[in-house]
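Subject: the structure I promised

Hi,

Here is the structure you asked about. Have a look at it first, then read my notes below.

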Amino acid sequence: MLHGVTDASALPHPPTAAAIDMVPDSWGPKYYGSVADVALTRRGPDAIRFQVEAHFLLVLLTPQPRRASRVAGPGASQCDAPAGSVEIIPAGASFEARWSVPKENLLLSIDPAQISAFAAREFDTGRIEMR
């Protein structure tokens, strides 16, 4: 279970459809906030393929040997990903991943409009590109 969510804007159910809702409920709990949404996912060996509508940040909480992934490129890369590894998936990118052991991750979803609002406030610009 995810602990420490004390912000009143974090809801157990979304007020509207959110990008993080593409994650099946059976994979773990989701929390919805005013700036970002988060899911704590647990899944056995599997593979996924999708295109994201928001920026995703995936934090691997368990080691994932022989993890293969591809972000918007022609081919997947494979590595032994230690716990604490981070994958960044920009909004609009296609993503594929395959893992051979049970895994636990934190998935953070941030709407591109939130990044633009942050850029306008903090850097005096309305645009930041994730590459």
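What follows is a walk through what turned up, from the overall layout to individual side chains.

One thing to keep in mind: this is a predicted model. The protein has nine strands and one helix, and the order along the sequence is β-β-β-β-β-β-β-β-β-α, with the helix at the end. Of its 131 residues, 31% are buried. Counting contacts with a separation of 6 or more, 64% are between residues 24 or more positions apart. The accessible surface is about 7800 Å², and carbon and sulfur atoms account for 56% of that.

Which strands does β8 pair with? One is β3 (residues 46-51), which runs antiparallel to β8 and is joined to it by six bridges. In that pairing, Arg 49 stands opposite Glu 96. Another is β5 (residues 64-71), also antiparallel to β8, over four bridges. Here Val 71 has Phe 95 as its bridge partner, and Ser 69 has Ala 97.

β5 also pairs with β6 (residues 77-81), antiparallel and through four bridges; Ala 68 and Gln 78 are bridge partners there. These two strands make a hairpin with five residues between them, and Ala 72 in the turn has a positive phi of about 50°.

Now the aromatics. There are three aromatic pairs in total. Trp 27 and Trp 99 form an edge-to-face pair, because their ring planes are at 90°, with the centres 6.5 Å apart. The two tryptophans come from distant parts of the chain, 72 residues apart: Trp 27 lies in the segment before β1 (30-32), and Trp 99 is in β8 (residues 94-99). Both Trp 27 and Trp 99 are buried. Phe 50 and Phe 56 also pair, this time tilted, at 6.2 Å centre to centre and 55° between the planes. Ring pairs join Phe 50, Phe 56 and Phe 95 into a cluster.

In soluble globular proteins, nonpolar side chains tend to be buried together. The largest nonpolar core here has 20 residues, and Ile 20, Phe 56, Ile 89 and Leu 107 have the most contacts inside it. Strands β4 (55-60) and β8 each supply at least two residues of this core. Why does Phe 56 count as buried? Its relative accessible area is 2%, and the cut-off is under 20%.

What does Ile 20 touch, leaving aside its neighbours within four places in sequence? Its contacts are Lys 30, Tyr 32, Asp 37, Val 38, Ala 39, Phe 56, Leu 107 and Ser 109. Two of the residues with the most core contacts, Phe 56 and Leu 107, are therefore on the contact list of Ile 20, given that contact means heavy atoms within 4.5 Å.

Cheers

How values were computed
Residues numbered from 1 in each chain as written. Predicted model: local features only at pLDDT ≥ 70, side-chain atom pairs only at ≥ 80, totals over all residues. Heavy atoms only, no water. Buried < 20%, exposed > 50% of the residue type's maximum accessible area, 1.4 Å probe, protein only. Areas by Shrake-Rupley, 256 points an atom, 1.4 Å probe, with all protein chains shown as cover. Phe/Tyr/Trp six-rings, centres within 6.5 Å; stacked < 30°, edge-to-face > 60°. Core = buried A, V, L, I, M, F, W, Y, C linked by side-chain atoms within 4.5 Å. Pairing = 2+ DSSP bridges.
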